[in-house]
Structure formats: C-alpha cells, structure tokens
Amino acid sequence: MALSILEIYAGFIIILLVVILGYLFFQAYKKNSVCSLKQLMLIGLAGVGKTLTYNYLQCKNIGQFETFQIGTSGELCLVDSPDMDLESKYEKRETRIKQFQQFFNKFKNTINGLIIVVNFERTDLMKQKIIKVLKYLKKFQPDLYLLISNFDLSENQSQDEQQLKEQLKLFKFKKIFFVDKYKDNSDLKQELLQIYIEQPNFRIDLQDTIFEEINKNDEEKCLQQLKNQMSSDNNPNDILLSK
Ligand SMILES: *[C@@H]1O[C@H](CO)[C@@H](O)[C@H](O)[C@H]1NC(C)=O
C-alpha cells in the first residue's frame with residue numbers, strides 16, 4: 001500500500017518539529033549549564049592580552065553573551081570580555097557600560113572572580129592602565145586579582161616579578177599572576193583554580209557602581225535634580241554653584 005502524499009507530508013513535518021524541539025532543548029540546556037558554572041572574568045583595556053590569555057589557557061567556547069565569550073578549560077571557566085574602555089567617546093562609553101551592566105546582572109550569581117589584565121611594559125604605563133579600569137571596580141578592590149600578560153618580554157623574570165609585586169602593592173590585589181606564553185599553562189591553571197577555593201562565596205553586588213541598573217540610577221538622578229531645584233528656588237545663586 002503506497003503512502004499518500006499527505007501522509008508523507010505530515011510525517012515530514014512531525015520529524016521536523018521533533019528536530020527543532022530537540023535543538024531548542026539542547027540550547028536551553030547549554031545556556032543553563034553556562035550559568036551554573038563559576039566564571040572568572042578577564043577585564044581590561046583593549047590589547048592588553050585578555051584573548052591571548054584565554055587562548056593560552058586553551059579555553060573551549062561554551063557560550064557567548066553579546067561580545068562576552070565564555071569558555072572552559074578543564075574545571076576552569078573563563079570569560080573573555082570586551083575592552084573596558086570607558087574613557088573614550090560618549091556613545092561608545094554608554095554602550096560599553098550597558099553591555100557590562102547586562103553581563104554582570106545576568107551572571108552576578110556565578111561570577112566567582114574578577115581578574116584585571118595588563119600587558120608587561122614600563123611600570124608607570126601598567127599603573128595607568130590599572131587605574132583606568134580599577135576606577136570603575138573600586139567596590140570590589142579587596143577581592144580583585146591582577147594578571148600580567150606578555151611576561152615573556154621580561155629579561156629577568158624573578159627580578160621583575162619581585163619588583164612588580166612591590167611596586168603594585170598599593171592597589172591591594174589579592175594575587176598577581178604572570179603569563180609567559182612560552183611556558184606550559186598548567187601552573188597558571190592551577191593558580192587560577194585556587195581562586196574558586198579562596199573565595200567560594202564571592203558575589204557581585206553592583207550597588208553604587210557605574211554598572212548598577214539604570215532604573216535605580218535614574219531615580220537617584222531625579223532625586224538629585226529635585227534637590228538642586230529646591231535649593232535653587234531658595235537661592236538663585238545655587239544654580240550657578242550646582243552647575
Ligand atoms: C636576575 O636578577 C637577580 C636579582 O637582581 C640577579 O641576582 C640575577 O643574577 C639576575 N639573573 C639574570 C639571568 O640576569
């Protein structure tokens with residue numbers, strides 16, 4: 001008995017639906033598994049070696065959130081984030097802040113460590129780069145880590161490591177990691193895994209940071225404006241002072 005065209009057609013549609021549903025379930029599962037892993041986030045300006053470090057550690061991509069790349073290497077779960085360049089043009093700054101805001105909000109319960117990245121160069125330049133990023137992460141300062149990439153450029157690593165640890169002491173990093181791309185990555189992997197043990201209860205609280213959700217910021221701005229207005233109603237000179 002031959003199948004009618006209609007039956008073949010219906011069968012085809014059912015198979016298609018099963019495949020689509022399966023795919024959707026798989027995607028949902030993947031997304032959830034990304035969220036349940038504890039992530040260590042690489043943060044820094046452009047060109048400091050975030051992606052280089054991500055690749056050095058042989059991270060395999062398991063998810064993407066806008067321009068944030070999430071990957072695992074063994075038990076490590078790293079986030080390669082876009083440059084935190086918040087000093088440039090107004091429009092870029094706004095977009096970047098929003099992107100970080102969204103990422104932090106989505107992953108705030110699973111981010112387990114923030115690692116600022118700078119490349120090895122003159123110490124004053126490294127300090128400048130650290131300050132540019134640290135400015136926006138001050139709240140987390142006692143829990144921040146520093147990673148120095150391009151350490152293969154050092155001519156005397158033990159000497160430079162010791163000196164840098166001394167010169168960067170004022171930033172109060174929990175620990176400083178060094179990346180020499182010619183060295184085996186297993187040491188760095190072990191050191192990074194240690195973060196999970198050192199601060200198992202690390203949580204990101206965005207309150208009073210630039211990444212706090214917009215609504216709250218707006219509320220505060222309105223309140224501030226209202227206050228300014230009220231005081232300027234009393235004394236017209238305050239308009240000049242508040243501007
Ligand atoms: C590196 O610096 C240390 C301390 O200054 C010194 O003792 C050592 O000889 C240097 N090593 C090389 C290879 O230059």
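**Close-up views of a predicted model**

**View 1. Asn150 in a loop of the predicted model.** Asn150 lies in the loop between strand 6 and helix 5 (157–167); helices (H or I, at least four residues) and strands (E, at least two) are DSSP runs, numbered from the N terminus. This is a predicted model, in which local features need pLDDT of at least 70 and side-chain atom pairs count only at pLDDT 80 or more, whereas totals for chains, interfaces and linings use all residues. Residues are numbered from 1 along each chain as its sequence is written. The phi angle of Asn150 is near 55°, a positive value in a residue other than glycine. With 18 other C-beta atoms within 10 Å, Asn150 is partly exposed. By definition, a residue is buried if 20 or more other C-beta atoms, placed from the backbone, lie within 10 Å of its own, exposed if 12 or fewer, and partly exposed in between.

**View 2. Glu66 in the loop between strand 2 and strand 3 (68–73).** Glu66 is a residue other than glycine with a positive phi, near 50°. Glu66 counts as partly exposed because it has 13 C-beta neighbours inside 10 Å.

View 3. The protein chain contains eight helices and seven strands.

**View 4. Strand 5 and its pairing with strand 1 and strand 6.** Strand 1 and strand 5 run parallel and are joined by five bridges. Gln39 stands opposite Ile111 in strand 5, and Leu42 has Ile115 as its bridge partner. Strand 5 also pairs with strand 6 in the parallel sense, over six bridges, and Val117 stands opposite Leu147 in strand 6. From strand 5 the chain crosses through helix 4 to strand 6 in a right-handed β-α-β crossover; right-handed means that, with the strands pointing away from the viewer, the path from the first strand over the helix to the second runs clockwise. Strand 5 is largely enclosed by the rest of the structure, because eight of its nine residues are buried.

**View 5. The largest nonpolar core, with 38 residues.** Such a core is a set of buried Ala, Val, Leu, Ile, Met, Phe, Trp, Tyr and Cys residues joined through C-beta atoms within 7 Å. Ile43, Leu78, Ile115 and Ile116 touch the most other members. Among the elements that give two or more residues to this core are strand 1 (39–43), strand 4 (76–80), strand 5 (111–119) and helix 3 (90–107). Not counting residues up to four places away in sequence, Ile115 touches Leu40, Met41, Leu42, Ile43, Tyr145 and Leu147; a contact requires C-beta atoms, placed from the backbone, within 7 Å.

**View 6. Residues 236–243, with pLDDT below 50.** The pLDDT, the predictor's confidence in each residue from 0 to 100, has a mean of 87 over the protein chain, and 85% of the residues reach 70 or more. Where pLDDT is low, the predicted coordinates should not be read in detail.

Note on methods
Two residues are in contact if their C-beta atoms, placed from the backbone, lie within 7 Å. Two strands pair if DSSP finds at least two bridges between them.
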